[in-house]
Each structure stands twice: as structure tokens, then as C-alpha cells.
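Visitor: I have a two-part model to go through with you. Can we take it topic by topic?

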Amino acid sequence: VNKQYSFPTQGGETRPSRCPDNSAFKQQKLPAWKPQLTIATVLPSFFLTGAFCLAVGVCLILVSACLFLSQIDYSDKCSDCSKLRENSSNWNKECYCSVNFTLKEDILGDVFMYYGLQNFYQNHRRYVISRSDAQLLGRNVNRSYCAPFTTYRNGTPMAPCGAIANSMFNDTIDLFYNLNSSAIQVPVLKTGNSWWTDKNVKFRNPKSYNLSSAFAGTARPPYWHKPVYLLDEEDERNNGYVNEDLIIWMRVSAFATFRNLYRRVKRIRQFADGLPAGNYTFRISYNFPVTKFKGRKHVILSTVVWSGGSNPFLGIAYVVSGTAATLTGFVITAIHLKLRKKKTYFQK
Amino acid sequence: MFSVFTHNCISLHKVRCTNLRVRGRHFPSLAGKTYHKGIEKSTYNRTRYSTPLPGRESKTRVVRSNLLLPEAEVEKSRRTVLASNRLKTTKYTALSFLPKNLFEQFHRLANVYFVFIALLNFVPAVNAFQPELALAPVLFILAVTAIKDLWEDYSRYRSDKEINHMECLVYSRNEKKYISRYWKEVKVGDFVQLRCNEIIPADILLLSSSDPDGLCHIETANLDGETNLKQRQVVRRFLELVKFDPLKFTSVIECEKPNNDLSRFRGYIVHKSGKKDGLFKENLLLRGCTIRNTEEVAGIVIYAGHETKALLNNNGPRYKRSKLERQMNADVLWCVLILLIMCLFSAIGHGLWVWQYGEKKKPIFDVPGPDGKYLSPVLASVYLFLTVIIVFQVMIPISLYVSIEIVKICQVYFIHQDKDLYDEETDSQLQCRALNITEDLGQVQFIFSDKTGTLTENKMVFRRCTVSGIEYSHDDNGELMIFLLEKVNECAKHLEVMRSHEQPLSHLSPELCDIFDFFIALTICNTVVVTAPNQPRHKVATSKSMHRFGLSVLSSTSTDSTLLKLEEKLAYSAQMNNNGYSSQQDRTAVRSGPGEGELRYEAESPDEAALVYAARAYNCSLVGRLSDQVSVELPHLGTLSFEVLHTLGFDSVRKRMSVVVRHPLTDEINVYTKGADSVIMDLLLPCSSDDPWGKHQKKIQSKTQNYLNLYAVDGLRTLCIAKRVLSKEEYACWLKSHLEAESSIENREEQLFQSALRIEKNLHLLGATGIEDRLQDGVPETIANLRKAGLQIWVLTGDKQETAVNIAYACKLLDHDEEIITLNAESPETCAVLLEQCLQCVESKFSNNSTDEATGNMTVGFTPLYPPSSPVLSSLGLVIDGRTLAYALEPTLEDKFLALAKRCRSVLCCRSTPLQKSMVVKLVRDKLKAMTLAIGDGANDVSMIQVADVGVGISGQEGMQAVMASDFAIPRFRHLEKLLLVHGHWCYSRLANMVLYFFYKNAMFVALLFWYQFYCGFSGSSMVDQWYLIFFNLLFSSLPQLITGVLDKDVPADMLIAVPQLYKSGQNMEEYQPHMFWMNMIDAMYQSVVCFFIPYFTYYDSEVDIFSWGTPITTIALFTIILHLAIETKTWTFLHWSSCIFSILLFFFVALVYNASCPVCHPPSNPYWTMERLMGDPMFYFTCIISPVVALLPRFLYRTLQGTLFPTQLQLGRQLSKLPPEIRTQLLTKLNVKEAMRQTQPFADSFSPSLGSNASDCCKAYNQSTPLPTSPQTSESLFQGHTKAEHTTDQTVTASPQGVVLYGENKRPSSASSLERSVGFHEVRHGTSEMESLPVGATFPWSSAVDQADFSLLKWITSTPLFSRIGTVLHVSSSSLQNETQDSMCVLGSSLHVDFKGLKEQSSNNLQDKIKGTPADHCKSDNSETTFL
């Protein structure tokens, strides 16, 4: 605004020319790569992309072919139990059911045991935020997103608080190998299943001389059967907040259908190479009700491959898109060849 | 004719137009270039100010000397009423900054929206993010803007401070002398003394001056950039004081309240004695001007500080919104709609999801509210609606506006830096004064250009003159006519002899007498100020030396003249040598400026200077000017001093100026008048054709008129010089009334005007001059290129028709092979009829033509570069004069006018006023919804510049008014080419692409979140961490698009210039069309589907957690978005590369740091160690590679196929630029030839059937008359045509005939044609004058050839002997057609009467008027005429 009113300097001293600099930047003449998107120039990229995708896809498919996966839905097979669980007043009653299955061949390598849930919206917005990371780190928290699972009416805080913890999956699944009509419990590992950072950084028990005193003055979440310091009575380092079942459950899943790592087969004795072929039984202590939300529960046995995938989709995607790119490449080559005879105006 | 129009205009807009006469460059202005003409706009809307009367205190300001009042009262009065001189342009103070700035920022709706969303986060029921975090971006945006505002305000503060602390001399009561004070301490009523070259600190009433005549010269460059000096006068009564003493100043000044009208100041000063003196603008020194040429002045402060006229005129930049931005805003609204639909969908989905579980069976993952109660489905969906608005807010891009502003600032920077837009001659470069409409430059469809100073140099060169009917022309180099020079010398010699022998002057031959008077008039009839070159800004020290000769001359009028003659003789002998020498020197340079050691002339208009310099070249030089005396140096005679009795200044209504002088040789009172030929010719002494003298005079007049027409045809600016000798009695009589007028306080201007009219009559014609205004460099090429670029160029000029038409030919605006429709109507009815006819004819031709065009294309062959797009009939020009324009702009006719005009390739409006200029622009802008650009250099273009979408000022000769009003200021017209074709195109294309990309980017990102809602129960959950979500736009993906928006070049500059047609892409909005928004949206949807579902299926039924899955998605989105930009980027400099790489690295860096920062810091999300873990996972890489590839493959393929199969012009241009130079030039020439063929061929086709083979240079005269009952005014005016000479004042009378002329000269080499044309014209002119008494009454029948295809309806082919003499091919049609047409078009009369009897020339100076004279038979209601060129 004020420019208009600025006064010129008096006297006629020669002021420098106002001619702008002749630099490449200011004259917008920086050296530049000017790609032309025409068939002739992009043809190689289609073929290269296609070849690359096909190669990767084939590799991924080959790799995932090595993957063993066995999924057993036990929500129907344990209908008695599920009926029992529909009534929350029966929470105290134990209910077991068994599911048999047969492995036709040996599963070699590390075998992982998952539980899977369907239609369980762990990614619900209010569910996702209903937790207190600070509490799980052993700190005392006043304000958190846990409401309404923060305290009981009498003011006793819940430990751990929040809807995620409250709804923790609490079926126990044991795997038995039926060898010659005797059932051998397959040895499994409870620990080492979660992220190292979770176990060692994100989750900590409150500091005290023992766990029960650490959690003194708190109460278990309403849906739980036992307080948090009794989650794993056998292993002190897997108890309280650092219990791996809890840790894994607290890592909320991205989808409503998901699975969480439950146990790993401990490779000792006859299971040193994996699971041998034969008949197996899952013995499940059925605590987790799913009928309310039409959920289903699975137990899954699986191996892993280096690529980390649990399904062959990615490989297929690569193959399909690789094929598409290559085909497109051929099509536009045809177009290009046809056009070259006609010669467009500029391409002399 | 023009004056006639002006008056009509007044009658139409009574209130507005009173100020129209302020100024305008409607003709070679004589003294009209006063610097205030540019503010017409502001004055239009104000009703006339009534002179303040005592007692109406509220309307006036009373100023008394501060020295008289007690100190306390001064303080009081200052504090209460009057503004101090302190300048304060800052908007904020330290305290008010925050609230005020925030308040201003919240005027922008987007800011309110974002703050609303951020605040929504604080509501627990609906919050989506950590509330503090959600505030971050909006605070960031607000802070950036606030800092920018603060910086601007601070620089204003600093410059204010600098100005406030300038020093000036103020009279101090205590010390009884002028002491130095700061400007800010100056108060109203203070006495201020100013020295030469000082800047005036406030509006000051001039009370004393060191100049003996009480004059003060000021330079107004700071106000308007004009560097010529203006005179200011000491208030009359104080002139007599020997020494001005502030302490004795007891008068009271009463004047108008502060206002912004620079051209007016009224008031009066009441002296102690009770006497009153009027105060006028000549008495006021305006703040900001500089004192020049005057040692010392003093005055009293009338207005101070913000009440000064300069500051009241300073009303900041306007806010313009570009077309693209308007379109963008519409699409932002679409985005809002999409957002609402998505939110609504989610809300309903969530309601259903909640509902399906029923009341009793609440699932365990459906978390109840904090009170432990579950929400009802309806309430849940309402809350969710608000939540998802927060989650999806990115859809409305928060950084869009900020990014656009940044990009525009950078674009402006680069335009500034272009050295092609720098003019070495004036050392000026382009200035962007509006920062936010750069992209409008790329979409201009109509250019409205001023002529003088814009297309031409506005450097006047004296080219030709005619004295008493004899023409003296100069050759191209402006060399002197030796012949004329000799005549001048001879004349002077004669005079000298006569004087020495004391013979009366009448012995001189009338011709020589005329020559002498002619040059005297050129020399003294002006307001030129003489300065010496060695001290440019000081008045030449002639006043003293002049008095040696001059004073005696002055006195000689009253005393005996013999004394004078004696002294003159003495002086003469001394001067003799010099004269002989200098005339030799001068011989070479008429047009060039002053040589070394010569006097310099400071004129208010370049025309004036040109005339004075020309006169000097003929040895008749102006050597000094005082307020009452001019000194002229002549060969042999020495210095003659003319006593200037009066100067009747120029105004645009009278269009002339006069000086009343006492001739030193004859002691006669002479009036020298100089003015537009149209007015002067009407003011000549009527001469009877009986006596030989009268006959001779008449002959001279008609010859002069011929030459004037010739000059006009050559594009020269013409002036007539006339003289009147007043008898003592006449003078005394006039003087009495004039003095009355001068001393009147009320209506002074009006009375002076009337007084001038009383003396400027019965003139004796001396001669005429033709001044050339050269075309600027490169104008024809620029116009040709701009036109190839699809721009329609209209020239709106105040010049007369012939001059304008010829300049138009010269600058290739009109082409010799195109037809020209000329509209000259006299009444609204005729105008309506004319428009109707032209339109019909053009329509028929057009429909005919369009088919031709199609077939024509077939034969030429389809050139992919230039698809036939323009519906504009490429070879039709329209010429319309101001008066007709006024009718055409009436609401009833404007549509027709527009329909006609838009069919024409170029439109030329002559004699148009500033108001009309702006009306035309406005009409086109509003009715055609077209993007308009107005370019001009003078104050008379200001209104047009302000009205147009893009206003461009030429920072040239005529001051800064236009530049001040403009959005862009360029040094030369030719720079427009690069500005529009290159920068305009780039800015538009860059911004359009960026905006589209912005929409795409946000939509694509938000859609990812939307798809997720289907898998999370529509709960408003987002898999992308809130930090990424909020900063994605601001941080990770903003830099590449900014770089592309600033630096991308779709076609290189040289191609854009070489193939101007590429500009059409901007005009047709090809880069950003409505469907492109939707295409981009669809593409965004597709890409988001790919980017969502590939990871979804990859991780389906796995143990992946929400953020471990969301982070790859974010990464994929980032890759996709950047690669998308990469596909769209056309040039890759290292900046592009680095910005893309930087963005990706920044994302990973931020993600890694953030994910490693701390496990509890960012509730509710906690992505601790996610990125680190993902980067060790091969799946992550596999997903991140395949998804962008699949997402972008279709777009890549589409771009490839489209670029190969159906390339746009731009793509072809790009391809062309990659070819080796030889091939490129070869192709380009080929293209241009084809283009030219394409344009001309169809036209030629349509021509030939009606015109026949050799009809090419057929001059078609078109005649029409109106059978409508002639309006009283019209008939009256026709009668009055006879008595025209008598009423020179009446502006309402319109006596010029109306008509349309269509002159088409088809397919002739243009150089030959112009030559031939002018030759032919000569013949006609001579013929006409010889045939004066030949009665030519001929009926011109319609030539309407029966076939509808031609234009015959409009072509009146004449068959007079006159026309056949110049070898015109004529069509004689059967006279029966005449009746037929009368029937069919009942509006047309038919008979044409051509009469060359020398009726008094009409006020119109139209060429055709002159040729055919006035219809003899005007008692019939038919107004008919022939027009011819």
C-alpha cells in the first residue's frame, strides 16, 4: 500500500540497472529432463515392469506353496459351551470341549498356533482407544481413555483398564498328539510370541517386591476371571502386564477377522522337526463368548515363510499385474507399429 | 463529433458526466494532460460540489493561522477535529495485532471451517484425534498468515516512520522565524516554507513565492509519475505583498472538507477587511509533490496527514479473484458435498451396525460411553457423523489456499525476473501489482487496448503541415522543408524591412502573413515551460535578460512604439549572428529533442512539445515564458515579446486552447487558437462566396480540409491553427465579461468555459499540422501473434476514426484483405437499424461460411495442431465511433452490438470516452462471460483497466495513473506477448494442474480412510496414525507439488512464442475443465481402492495390528501420490528430483523418529516401533512396490495412448520442441502457411460469387436511411446544419449523417493497396473540390445479388461518375431491387443524394462526411449518405 507514497531519492546518482539477472534459475532455464509420454518412449517400461512383477510373483507363489495352514473352527463344535457362555451368570462354570483333527503328513519347521476370531471388531474406534499405555507401563494414571472401564463404582481402579483389556480372549487351548491311543500334550512356548519392544519397552509391571502387592488396591476388569497378576502363575516373567497373551491381545487387530499368535510348538522330543503326521486333539477351555456378535472362533496351526505372508494373495497380485503390464506392452507395441506406418504429423 | 457525443452522454448520465470533461486524451491534447485526469472514476460518482457558503459549517473546513490562537486552543483544535500530519498506514498496534489479525483471518471461510473441526475434537463424544494435535495444522496456517501480515505491517510502519521524520521548515511563533520540524508535527494552520526540490509535506495553500510572478512549479511525479511541471499560483491578494509575514496573516480560509479529488479545490479566503478571494486548485500545493524551479515558497497548511488529497487517493490494492480460483472454489464445494456424502454414508452405516446387535446383545467391543450407557443407533450415528467429519477433514485441503498463495508469489517472482520483459531504454521491468491473478493471464480472450502510448510510442514527431492551403510535408526522417524554412526567413526579412521602414504589416502578402502567424501560433499557443538543459529543473534565467528587451515591449503597448522599435533594432543586430548559425544547425533535427546547450521545453502533452520544437526548427523559437509574456526569437527580427493577455486552457469539451496576445509588431489583439480540426473548422469566419477573398478563403479551407483528411489517412494526429484579430472594442467588451467570469466564485469553471466560447469564433484559418505518433517496436508482430493465439483485440481510442483506422492498418489490427464494417449512426434508431442489418448480413455470411470452412478444411487437410475451433469470422473488422457506441451500449442494443462484435476479428472504437471504454469492457466481461484484459498507459484508461479482469498498464510516457490502477505494468506493448503467451500460459497450466492434483491427492487419501470404514463397523476408526493423517498434506506431500506448481513447463517458452495457437488451451480452460475434476476424482477412487485392497488382501486374516497395517498404506499412498505427480510433471529439473526424494525421505525419517520416540507419548494411538519393525519385513516392501504400480498403470497407459494417438496441441508443441531446430523451423513455416490458407480460403470462396473476378478493390458505398419517423432532434439537427457556424457552443446538436460503410478490399498485397488507396483518394479529393458545383444526385440501388450467400444486402454499389473515375468496379443493379428491398426490409430507405455543394462542414470530421457532403434534401425525413473509402 505504501509503495505509492515512497519518495525517490534526491539527486541523480546512477542507480544500478534493474535488469534481472541472467541466471538459469531466474530465467527458468534450468537444465531439465523432459520426458515425453508416447508409446515409443514408454514401451520398455511396460515390459520391464511386467517382467519384474512376473518374476516376483512367481517367487512369492512358490514360496507360499511351502506354507502349511490348518484352520479349525470350533465355535460350532463347542455349541454346548457357547450356549452356557451366553448367560453371563454362568461365568464361573468351567466348560471344556475337544476338537479332533488329523495331519496327513508331517509339518516340518516351526509350527505356530493361533486363535482366530471372526466378526470381532477390534478396530472399532472407541474400542481401539480404550486403553491406557501409561498404566500398562506400570505407571499410575489418572486421566485416560479407558472410560467406562476405569474404575468400579466404589472407586477401585481396574488393572488393566479399558475395553481392550476387559475383553481379552481367555480360552485356553491345549494340543494333544494322539499317539497309539495315548494323548501326549504337545509342548508349547508361551513366551517369545510378542514383539520384543512390547515385551520389554511398552509393558511393565508396577514396581514392587511382588506382583500381588504391586497390584494391591486394584481390581481385575469385570469380564476377567482372575486378576492380572494371576495370568500366568507358572512364570513370573510372563505375569501381570507383561503376560504375552495380554500383550498380544492389546495389539489391536486391523480387521474384524483376525488371528493372534497363541503358542509356538516347542521343538523337543518327537516334535523336534515339527508336528508329525497323525491324529491330534485340541482341548479347549471355552470361556470367551462370541455368539452375541455372531462371532466365530478358530484355532489355527501354521508355519511361516521368509516372505512373511500368510496367504498367497500377494504372489497372485504380482503375477496378474505382471501379466497385465506385459500384455499392455504387446498391445501398445501393436498400436505403435501400426501407427508408424501412418506417421503422425510431427514424427518425421 | 466527439463533443456532440459527450453531450449526449451527459444527457444520459446527467450526474456522472459533468466530470467527463475533466480530461481525456480524445485528441492531441493541447494542455489537457493535467495530471488529474485519471481520477475521473472517483469523480464520476460524486455529485457536483456546491461552493461552500458561510453558515454551512458542516460542509466546509475553516482554517485560521495557528499563530493567532492561544497555544491551548491550537492543541484542542488539533486534537478534536483535524487530522495531524502524522502518517499511519499500519493496520495493527502491538496490542491489537492478535485479535485484529485473527478476526481478519476468520473472514476466510476455510479458516473458520478448520478451526471448527479442530474445536470439535475437544468434544469427547466425537473426538477423533488428540485435540491438541488437531489444532496444530490450523494454528500453523494461521501463524504463517499472521507472520506474513505482521511483516507487511512492520515494513509499513518503518516507511511511515521514515516519512514522519522528514523535516520541513515551520514558522515558530516564539522564535519568529521558520524552524525545522518533523513532518508529523505539522498542523493544519501552520505556516510552512519550502525550498526548491523539497517535497511538500501537506496540502498547502500557496501564499508567497520567490518567483516575481507569484508562481510555483511543482512536479507531480510522486502522485502520478508525470515529470512535466505544473504551475501553481500565489493567492491573488498576497501577490501584491512585498514580503509575506505569517504573523500578519489574519485572514480566514474556508474551503471544502478533505476529499480525494485531485483536480479540484474550492474555497475562499476572507480577509480582515471583509473582502473575499476565491481559492482554486491552482493555489494548492499537494502533499508528495516536489517544488521545482522556484527558490522558496511559503503557505499555510490546509489539509494534513490522512486528509491530504494524495493520501485520500491512496486506497490500497484491490482484491481480485482469478477465474481459476472461482472455478476451484466451485470444486471445493463439490468436495464438501462429497465429504458430506461420505460422512452421511458412514453415519448411516454405523447406525445400522449398532442396530444389528440390538438393545440387549451389545457386543463386547462396542464400548459404552463414559457413563456406562450404550448409545442408541440414532445418537451413535449422529455422533459418528461429526467424528468422521474430523477424520475426513483432509478432503477439504487445508493447505490448498496457502499452497496456492505460495505458488503465486513464486510465479510472480519469476515473471519479475524475466529479462525479456525488461526494457533497457526506460530501465524498467515488469511489475506485478496484483499477486493473485497470474493465471488469469493465461486465459485472456479479449484484449482491450488503448491506442496512443500503448500501441504507439506517444513520442510525437512533427511530420506535415499545411499553411493557407499549401502543403509542406517532411520526409520520413523528419527533415526540414527547406522551402518552408526559406519562406519563414523571407517572411521575417520582410517584416524586418517593414518594421524598419515603418510600413504597416498589411503590405505583406497574405500567404506570408499566414505563415508567420502560423509559426507564431505554434510557438506561443501552448503552456510550454522553457528550461535550460544544464540545470534542468530551474527555470531558464531569461526573465532578467528578457526584461531587457521584453519589458519595453510590454510597455510599448501602452507607450509609444518607436522606442520599442529602436530597442528591437539594437537587439536584433546582436542576435543576428546567432540566428544565422542556429538555423543551420536546426536544419537536421525537427523531431529530436533539444541538442546540447539548447533550451528545453517542458510540455504538458507531447504534441505541444512537438509543435514547439518544430517551430524552433523553422527558426521561430520560444525562448521564454512568463505568466504574462512569451518571448519568441525569430530570424532577422530578433526576440519578439508577446504580451499574453489570457490563456484559455485546453479542455476536452472545447477541444482547443487559445491565447490572447498583443502582437508586438502590430499592436493588435490577436487570438491564436489551436485545436481539433473538427471544432476549429466550425468556428471559422463564414465567408461569402461572392467576393474573391471569400472565395479564396473557402478554397483554402476546403484544401486544408483535404489535407487534414489525408493526414488522418496517414495516421497523423491533426490540429488546426487559427487566428482572430480583435478590435479594441470587441476585446474590451469580451474582457469585461471575462473578468467577471474569472472573479466569480461560484460556477467559475462554467463561466470561464462560456467566456472562452465567446472569444473563440470567427476565426481565420492559418493552417493545419500533422503529427506522427509512431508505432512502438514490435506492435504489429505482437498483435499478429496475439491474434493467432485466439485473442480478440479491440482498440478503444479517443482518436478520430481515420487516424485510428490507419493506425489499425499499420499495426495489422485491420487487414487489407478483410472487410470492415463501419458503424456511424446519429440516433439510437439508426443505430438499431444498422446493427440489425450488419448482424443479418454477417449471420448469413457466417452460416454460409461455416460450411465453407468445413469443406475448406477437407481440402487443406487436417492438421492435428490446429483443429478448426474459432467460430469468429476471421476476416471481419468493425469500426465504430463514440457516438454510435453510446447508442450501441444502451441496454436495448448491447446484445446486438455484442453479437456483431464477437463475430468480428477486431473491433475499433474511436472517439470513445474513458467511461465508454470501461462500459465496453464491462459489457464484454459480463455478457460474454469472457476473460478480458485491458491495456493502456494514460489516465483515460484507468477506468477500463479497473473494470477488466486483468488490467495492464504501460509504464511509459504518460505518467503512472494507469500503472497505479493496473494489475501488471509492462514497459512496452510488445512485452504483452511474452507475458500472456508464455508466463500467462505457464501460470495457468501450472496452477490448474496443481489445483487438480490437490483435489486428487486429498480425495485419494481420504478415500483410503473411507474404505476402511466398511471394515471397522463404520466406527470412524482410522488405520492411519493421527500424526500422519494431520501432517500428510502439510509436510510429506506438499513440497513436490509446490515445486511443480512453480517450475513445471509444459511447453518451452520459444515454442509458445513460435506457435501462439497453444495459448488457446488456456482460453478454452483445457487444463482444468469441470469434467477433469471428476475424472481426477474417479482416478483417485480407483487408486485408493488399489492402495487399500492390495494391502487388505495381503494382510487379510493375519495377526497384523491396526497401525502395522496402516503405516504401509500411508507409505503406499505417499508413493502413489508422488508418482502420480511424476507422471504429470513435464520437466524434471534437479529441484523436482530433490523435492520428491526429500519428501519420501522425510516421511521415513519422521515415521522412524516418531515410532521410536516413546511408548506412551501419543495417546490414544501408540505406533511404537511399528515402522522399525515393518522395515524389517519383506511383505512391506512387496506391498509398497506393487500397489503404486497397479494404481498408476491406467493413468500411465492413458497418458501414453492419449499422447500418441490424440495428442493435444500442447503435447504436440512439446514434441515439436524436441526436434532438431532445422526440422522444427521447417515444420513451423509449413504450419503457418496452412494456418493462413485455412483462414483466408473460405472467405475468398464466399466472396467471389457476389463480387466477381475483379471486384477486389471495389469500393462499396453503403447507403441507408431510416424510414422511421425521424426524431425531432434529428431533423432539427439537420436544419441546424446550415447554421452550424453560428452555434458553436451547443453540444446537443448532432448534424453528422449516419451510415454504415462496408469496405472490403479483398486479396490485395497490402503494401500496394495502401498506396493505391491513398492515390485514389487524392484523386477523389481533387475531383470533389473541382466538382463542387456539379449536382450529383444519384440513386444508389441495392446491389443485392439475388443469391442469399453474399453480403449484398449491405453492399450498396454505387454508380456515380465520381466513383467510376477512380476505376472502381461497380455493380449496377436493377432499380427494381430497390423497391424490393424496401419492402423486405422496411427499415431502409433508398435514395441517396450526393451533393458536393460546399455546405458548411459538419462537426463531424468523418471522412465520408467530407466526401459526400451533407444530403441536400434533408427536408425529407430520409437521412441518407454514401460512405466511401
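**The nonpolar core**

Guide: The largest nonpolar core has 187 residues, and those with the most contacts inside it are Trp249(A), Leu275(A), Phe282(A) and Trp1109(B). Keep in mind that this is a predicted model.

Visitor: Which helix gives the most to this core?

Guide: Helix H31 of chain B, residues 975–1013, with 20 residues.

Visitor: And on the chain A side, which domains does the core draw on?

Guide: Domain 1 (39–67 + 315–348) and domain 2 (68–303) of chain A each give at least three residues to this core.

Visitor: How far apart are the centres of domain 1 and domain 2 of chain A?

Guide: Taken over C-alpha atoms, the centres of these two domains of chain A are separated by 47 Å.

Visitor: New topic. Which residues does UniProt list under "binding site"?

Guide: The unreviewed entry lists Asp450(B), Thr452(B), Asp937(B) and Asp941(B). They are spread over 492 residues of sequence, yet they cluster in space, with a largest C-alpha distance of 10.6 Å.

Visitor: Where is Thr452(B) found, then?

Guide: Thr452(B) sits in the loop that runs between strand S15 (446–449) and strand S16 (456–467) of chain B.

Visitor: Is Thr452(B) buried or exposed?

Guide: Thr452(B) counts as buried because its relative accessibility is 1%, and the cut-off for buried is under 20%.

Visitor: What about Asp941(B), where is its place?

Guide: Asp941(B) is also in a loop of chain B, between strand S31 (932–936) and helix H29 (942–947). With a relative accessible area of 0%, Asp941(B) is buried.

Visitor: Where does Phe106(B) lie?

Guide: Phe106(B) is in the loop between H5 and H6 of chain B.

Visitor: Why does Phe106(B) count as partly exposed?

Guide: Because its relative accessibility is 30%; partly exposed covers the range between buried, under 20%, and exposed, over 50%.

Visitor: Now the backbone. What is the peptide bond from Ala159(A) to Pro160(A)?

Guide: That bond is cis, with omega near -10°. Pro160(A) is in the loop between helix H4 (133–136) and helix H5 (163–166) of chain A. As background, most peptide bonds are trans, and most residues other than glycine have a negative phi.

Visitor: What is the phi of Lys294(A)?

Guide: Phi of Lys294(A) is positive, near 55°. Lys294(A) is in the loop between strand S10 (278–285) and strand S11 (296–302) of chain A, and at 51% relative accessibility Lys294(A) counts as exposed.

Visitor: And the phi of Asn197(B)?

Guide: Asn197(B) has a positive phi of about 70° and is not a glycine. Asn197(B) is found in the loop between strand S4 (191–195) and strand S5 (203–209) of chain B. Its relative accessible area is 31%, so Asn197(B) is partly exposed.

Note on methods
Residues are numbered from 1 along each chain as its sequence is written. Chains are lettered from A and ligands numbered from 1 in the order in which they are written. This is a predicted model: local features need pLDDT of at least 70, side-chain atom pairs count only at pLDDT 80 or more; totals for chains, interfaces and linings use all residues. Side-chain values use heavy atoms; hydrogens and water are left out. Helices (H or I, at least four residues) and strands (E, at least two) are DSSP runs, numbered from the N terminus. Buried means under 20% relative accessible area, exposed over 50%, partly exposed in between (1.4 Å probe, protein chains only). UniProt positions are given in the numbering used here, feature names are shortened, and annotations may be inferred rather than shown by experiment. A nonpolar core is a set of buried Ala, Val, Leu, Ile, Met, Phe, Trp, Tyr and Cys residues joined through side-chain atoms within 4.5 Å. Domain bounds come from an automatic or database domain assignment.
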